[in-house]
Every structure is written in structure tokens, then in C-alpha cells.
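Have it open while you read.

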Amino acid sequence: MRTLLSFFLLLSTIVANAQNAAPSWLESTLYGSGKINVVVGVVAIIILGIGIWLWRMDRRISNLERKS
Amino acid sequence: MKNWWKFLGIGLLLLASIAALRIPLAPALVHVSPDRIAPGTTDITITGYNTAFTSGALVKLVNEEQQVCATSVSVLDASHLTARFEVPAGMKANLTDVSVDDLIYTGALFTEGLGAGITSAVCPETYPAPASFTFPNRSILYESIRNLHFHVPMWFTMIVLMGISVFQSIKVLGNNSLDNDLAAEMAARIGLVFCVLGLITGALWARATWGAFWTNDVKLNGAAVTGLIYVAYLVLRGSVQDAHKRARLAAIYNIFAFMLLVLFLFVVPRLNAIDSLHPGNGGNSGFNDLDMDNSLRSIFYPAVLGWILVGCWMYDLRVRAARLANNLDR
Amino acid sequence: MKVSALCSAVWFSLRGVCSTNGEGGPPTFVPVKPGEIAALLRLEVALDLRQRAAWAGMLLYVVSAVYVCYLAVKGGLGLATWNALFWIILLFAAFNALTRSFQREDAGRQLYLYTLVDPRSVILARAIYNAASMVVLSLLSLLVYSLLLGTEVLENADLLQFVLAVVLGGIGFAAVLTLISAIAARAGNGIGLMAILGFPLVLPLLLTVMRASKLALDGVAWSITSTYFGGLVLLDVITITLAWILFPYLWRD
């Protein structure tokens with residue numbers, strides 16, 4: 001519980017400091033090269049999401065095979 | 001050939017995705033340095049994006065339709081050039097546009113030494129570049145405009161799947177069929193997958209465009225409410241044991257919730273028309289001509305159709321697997 | 001084929017609304033039965049009078065919620081915060097009050113009612129009664145709220161508009177939550193389920209009514225706010241109509 005609390009405190013200080021610090025790794029990645037990395041990220045998220053769905057579907061069908 | 005629509009879906013998705021990633025952005029001027037001018041001799045370095053500057057580039061300043069031609073232009077490479085101007089005193093507006101050939105950077109330069117206006121020079125005529133198939137180049141979006149073809153179809157697919165779910169729920173009320181109930185549940189589940197994908201991709205895009213993962217925007221609220229409604233729908237299903245009772249309760253909630261959701265997504269935003277960051281004038285779910293030009297549109301609609309067909313395929317698989325599981329349990 | 005299937009499904013759902021009159025004549029609209037509704041309303045009032053503790057409980061809830069807010073902020077609220085806090089208190093009061101709507105009667109009495117009256121009369125009577133009690137509750141909350149948290153925000157307000165927003169909001173909450181309360185009661189998992197099911201559905205209404213009442217507090221002219229009030233009336237009417245269509249399917253087992 002205490003670790004959790006201190007983690008959130010740490011997180012909030014990081015977030016609070018992020019405003020006036022130099023651009024973070026996230027900003028420099030997202031804003032660089034005409035923001036093409038945003039597209040890369042979005043496509044990656046969609047492929048990962050569909051992949052996770054396929055993985056769960058695979059497990060579901062394995063269960064069915066075991067039952068039959 | 002009863003599976004034609006699956007091929008169509010994958011084909012459209014493939015073509016639309018390749019096009020969405022490969023079609024270049026239109027050339028544009030993105031940066032000038034320095035960003036203010038005062039009367040006197042000034043060198044200005046102009047940076048372009050996807051431009052092809054040549055040594056014959058025609059560079060001028062435009063202030064309230066009064067022009068100042070560059071006295072000399074040195075092109076560094078295809079996207080950088082430096083132009084020298086004899087800036088006169090007494091320009092009218094405090095923002096001056098910069099123009100290279102047919103490209104214009106509006107309001108690029110803060111202007112000092114204002115006055116009643118200058119006598120406009122007549123710079124050499126520039127001819128528009130031959131039209132080519134490009135995506136529009138918008139400031140703050142730049143390349144991320146391509147996300148239109150990946151992020152937005154998630155929402156279209158979700159709404160279609162929720163619509164299928166409600167359609168099946170209406171059937172449940174008519175015929176008390178457990179099979180229709182199963183279909184309604186699975187459509188809602190696949191719809192939620194697309195909802196989650198839409199939320200995460202939207203958050204990333206919002207961070208890069210508006211600077212925050214979440215903004216208080218009618219569209220985001222609509223998305224959040226949709227997610228909450230269908231999670232609640234699944235919770236309701238989970239808390240009723242008897243299958244027929246569950247089917248009917250879930251169907252009633254589904255229809256009620258979907259109708260209110262439609263109101264929320266399409267009527268309420270029109271009332272709060274002023275405060276949306278999304279294009280389409282305050283939560284109008286359509287895109288008008290200003291927001292989306294034909295090059296975007298011609299890729300966007302195939303992408304939407306492709307994703308909808310793939311979503312329906314996922315739904316089809318899920319329903320068939322669930323039916324099989326039911327038959328095995330029996 | 002798809003289109004005809006869709007039509008038949010819509011027909012299924014509307015079959016309850018329209019019914020043919022005997023000899024295959026044109027479909028007629030099933031009349032709302034005012035006599036039955038009036039009788040049911042009298043029943044509701046009689047039941048509520050017998051359970052005065054429930055009303056006292058709701059009032060106590062509102063008063064203590066407002067008092068907690070008063071202690072927490074000690075006056076000095078901005079207009080936007082005043083408005084938001086008021087609607088949050090009202091939202092939770094509505095959940096609290098309307099959860100009882102279908103929880104309080106056992107299966108036996110429901111069966112008895114079922115043999116006597118049309119289910120649509122039941123839902124309409126409940127919705128009307130709940131709307132009326134929500135209006136009373138909202139106006140009382142407004143009174144307590146403005147007594148404790150100060151009336152300075154009301155100085156520039158168009159009071160008539162604000163009261164209208166409160167009334168329409170109360171009716172809307174009642175309309176949405178009556179059907180949800182029925183569903184939750186049927187699912188046999190009362191209060192927790194009610195909050196989960198109801199919250200996303202009252203959000204459209206809540207956002208619209210908060211905006212309308214904010215404009216009323218700013219003293220904006222009718223010509224601008226009338227769109228919002230029109231939207232609220234539309235939301236209320238559609239919600240009640242949906243409840244009226246859907247409730248019979250919930251009612252009979």
C-alpha cells in the first residue's frame with residue numbers, strides 16, 4: 001500500500017514537472033519526422049489489438065477441440 | 001462463393017492501408033527563420049516539407065496584397081532556401097505571408113515598422129504546379145493525417161457492430177430465441193474490441209496533436225459512454241442466471257441504451273456545437289468539404305468498408321465458436 | 001432480403017404499439033388508458049403515504065449531502081462549480097430515490113397487478129409518479145442548496161429558465177431511471193446494478209441539462225437557450241416512449 005502511494009506521488013511529481021522540462025522522449029518521438037511516428041504507433045496498436053484477439057480466439061478454439 | 005465479402009474486406013483493407021501509408025503529403029512551407037522582419041536588408045531561410053525547390057524559385061513577401069520580391073534566392077537543397085529582401089518601411093498588417101512559387105505560408109513573419117502601406121512590386125507570375133494525388137498538409141497534423149484511415153474506421157466498425165447487436169436484440173424480443181441473444185452478445189463484445197482500439201489509438205493521436213491523452217470533447221465523451229454502456233450490458237448479462245430471462249433483460253437494456261446513445265452521439269453534440277476539437281463543426285459526425293478533401297475521401301471510404309467487413313468477419317467467427325461451445329455443452 | 005428482415009424485426013418491436021382491431025381493419029393505436037393510470041397513481045400515492053419514512057430518508061439524504069458540501073467549500077463557489085455541484089447532488093439523489101421504484105414490491109403483488117392492468121399503464125403511472133416526486137425533490141434540493149450555499153449566483157440568473165431546467169432534468173432522470181430500476185429489480189441485483197446500468201444512460205441528459213442551467217444562471221436570452229430546452233423535452237419524450245414500448249416485454253415472464 002505504501003509503495004503504491006509513493007509510486008503515485010512519484011508519478012504525480014513527474015507529470016507536474018513534465019510541463020516545464022525539455023521535451024520528453026515521448027514528445028521528441030511523436031513530434032519528429034513530420035509526426036509519422038504517430039501513424040506507426042497507431043498501426044502498431046491496431047495490429048497488436050487484433051493479435052491479442054486472435055490469441056484469445058485461438059485459446060477458445062483449443063478448448064473446444066479438447067472438449068470434443 | 002459465399003465468402004466473397006471476406007475477400008472484399010481484406011482486399012479493401014490492404015489497398016486502403018497501402019495507399020494511406022504511401023501517398024505523399026502535399027508540399028508546404030513549414031518554417032521560416034528568423035520569424036520577424038524589420039525595414040532593411042533581411043535574409044530569410046525558408047524550410048519546406050516535400051517541396052522541390054529549384055534555383056529558379058520565385059520568392060516574395062505578401063502583406064495585405066502588397067508584394068515585396070526577393071532580390072536574390074539561393075537554394076540549399078530541395079527543402080531549404082535562403083532569400084534576401086529589401087524590406088520597405090510602412091507595411092500595413094503586422095503579419096506578413098511568405099510565398100515560394102505557388103506555396104504560401106500565411107502569417108509567417110511578425111512585421112515591424114508598420115505604416116499606411118507600401119507601393120506593391122509586381123513580381124514575376126508563378127504558375128500552379130501540376131496537380132498530383134497527395135494528402136493535404138495541415139499544420140500540427142502533418143504526416144499524422146494518415147491516421148484518419150486507421151483510427152476513424154474503428155468507430156465506424158464499432159457503431160455497425162453495436163447496430164447488429166441491437167438488431168439481434170430486437171429479434172430476441174420478437175421470438176425469444178437464445179441464438180439471436182448469443183449473436184447480440186457477441187456483436188457487442190467485438191464492438192467493444194473496436195471501442196478499446198479506437199480509444200487507445202485516439203489517445204495517442206490526441207497526445208501528438210492536442211498535447212493531452214484525453215480532452216473534454218463531445219466525441220471522446222461519446223466514445224467513453226459507449227464503452228460504459230456495453231460494459232454495463234455485459235455486467236447485466238453476468239448477473240442473471242436464467243438464460244431466457246437474461247436474453248430478454250439484456251435485449252431491453254440494449255435497445256434502450258442504443259437509442260439513447262444515438263441521441264447522445266448525434267443530437268446532443270449539435271446542441272453543444274461550439275466545443276469540439278474534432279473536425280466537422282462541433283461534433284457533427286460527418287466530414288464537410290473543408291475538413292476532408294477528395295484525396296482523403298477516396299481512401300477513407302474503402303478503408304471504412306474494409307474494416308467493417310473485417311469486423312463482421314470477427315463477429316461471424318466468434319458466434320460460430322460460441323454456438324459450437326453451446327452444442328458441446330449440451 | 002436484409003431489408004425485409006429489418007422491417008420484420010422493427011415490426012416485432014412495434015407490434016405491441018399498434019394492433020389490428022378485430023376484423024383485420026387498419027391498425028389502430030392502442031389508447032393510453034387514463035382510468036387505469038389514475039388508479040395506479042392513487043395506489044402509488046397511498047403506498048408512499050404508508051411509507052413516509054422513505055420520503056423522510058430522501059430528504060435527509062439531500063439535506064446532509066448539501067450540508068457536507070457546505071462544510072467542504074464554506075461558500076464562495078464560482079458559478080460553474082455551484083452549478084456542477086448542484087447537479088451532482090441531484091443525480092445521486094435521483095439514483096437514491098428511484099432505486100426503490102420497483103424494488104419495493106414482491107413477486108406476488110406484481111403477479112396480482114399483472115392480472116389486473118395493462119403493463120403500459122404501470123410504466124406510465126410509475127414514470128409520471130417518479131417524475132412528479134423528482135420535481136418535488138429537485139425543487140426542495142434547490143431550496144436547501146441555495147439556503148446553505150448562498151444565492152449570489154442566482155442574482156444574474158433567469159430564474160424561470162433555471163427552474164424549468166431543474167424540472168425538465170428531474171423528469172428526464174425519472175424517465176430513464178424508472179425503466180432501469182425495473183430491469184435491475186428483475187435481474188434481482190438491486191442497487192449496485194442500478195448504478196452501473198443507469199449512469200451511462202443519464203449522461204446525455206446530465207450534460208445537456210447542466211449546459212442549459214449554466215446558461216440560465218448566466219442570464220442568457222430565451223432565443224439561445226430554447227434549443228437546449230427543446231433538446232431536453234425531446235430527450236424526455238423519447239425516453240418515456242422507449243420505456244412505454246419496451247416495458248411490456250420486461251413485465252411478463
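1. In this predicted model, the lining of the largest cavity draws at least two residues from each of these chain C helices: helix 2 (34-50), helix 3 (52-73), helix 4 (79-98), helix 5 (100-103) and helix 7 (119-149). Helix 7 of chain C gives the most, with five residues.

2. As for what sits around the middle: 14 residues line that cavity, and the closest to its centre are C:Ala97, C:Leu98, C:Arg100, C:Asn130 and C:Ser133. By class the lining comes out as seven nonpolar, three polar and four charged residues. The space inside is about 120 Å³, and the structure has four cavities of 30 Å³ or more.

3. Now over to chains A and B. Chain B puts 32 residues into the contact and chain A puts in 23. About 2,400 Å² is buried between the two, 79% of it from carbon and sulfur atoms. Have a look at B:Leu204, B:Arg207 and B:Ala208: they supply 21% of what chain B buries against chain A, more than any other three residues.

4. Polar links, then. The rule finds one salt bridge across this interface, with the side chains of B:Asp329 and A:Lys67 meeting at 3.5 Å, N to O. Polar contacts between chain B and chain A come to four residue pairs, counting those with both residues at pLDDT 80 or more.

5. Which helix of chain B gives the most to the side that touches chain A? That's helix 3, with 10 residues. The residues on that side of chain B split into 22 nonpolar, five polar and five charged.

Technical notes
Residues are numbered from 1 along each chain as its sequence is written. Chains are lettered from A and ligands numbered from 1 in the order in which they are written. This is a predicted model: local features need pLDDT of at least 70, side-chain atom pairs count only at pLDDT 80 or more; totals for chains, interfaces and linings use all residues. Side-chain values use heavy atoms; hydrogens and water are left out. Contact means heavy atoms within 4.5 Å. Buried area is the accessible area (1.4 Å probe) that two parts lose on being put together, summed over both. A salt bridge is a side-chain nitrogen of Lys or Arg within 4 Å of a carboxyl oxygen of Asp or Glu. A polar contact is a pair of N or O atoms within 3.5 Å; within protein, one must be able to donate a hydrogen and the other to accept it, and residues adjacent in sequence count only if both atoms are side-chain atoms. Helices (H or I, at least four residues) and strands (E, at least two) are DSSP runs, numbered from the N terminus. Ala, Val, Leu, Ile, Met, Phe, Trp, Tyr, Cys and Pro count as nonpolar, Asp, Glu, Lys and Arg as charged, and the others, Gly among them, as polar. On a 1 Å grid over the protein atoms alone, a cavity is a set of points where a 1.4 Å probe fits but cannot get out, and a pocket is an open set with protein on both sides within 12 Å along at least five of seven lines; lining residues have an atom within 4 Å of a point. Grid points are joined across faces, edges and corners, and a volume is the space filled by probe spheres set on the points.
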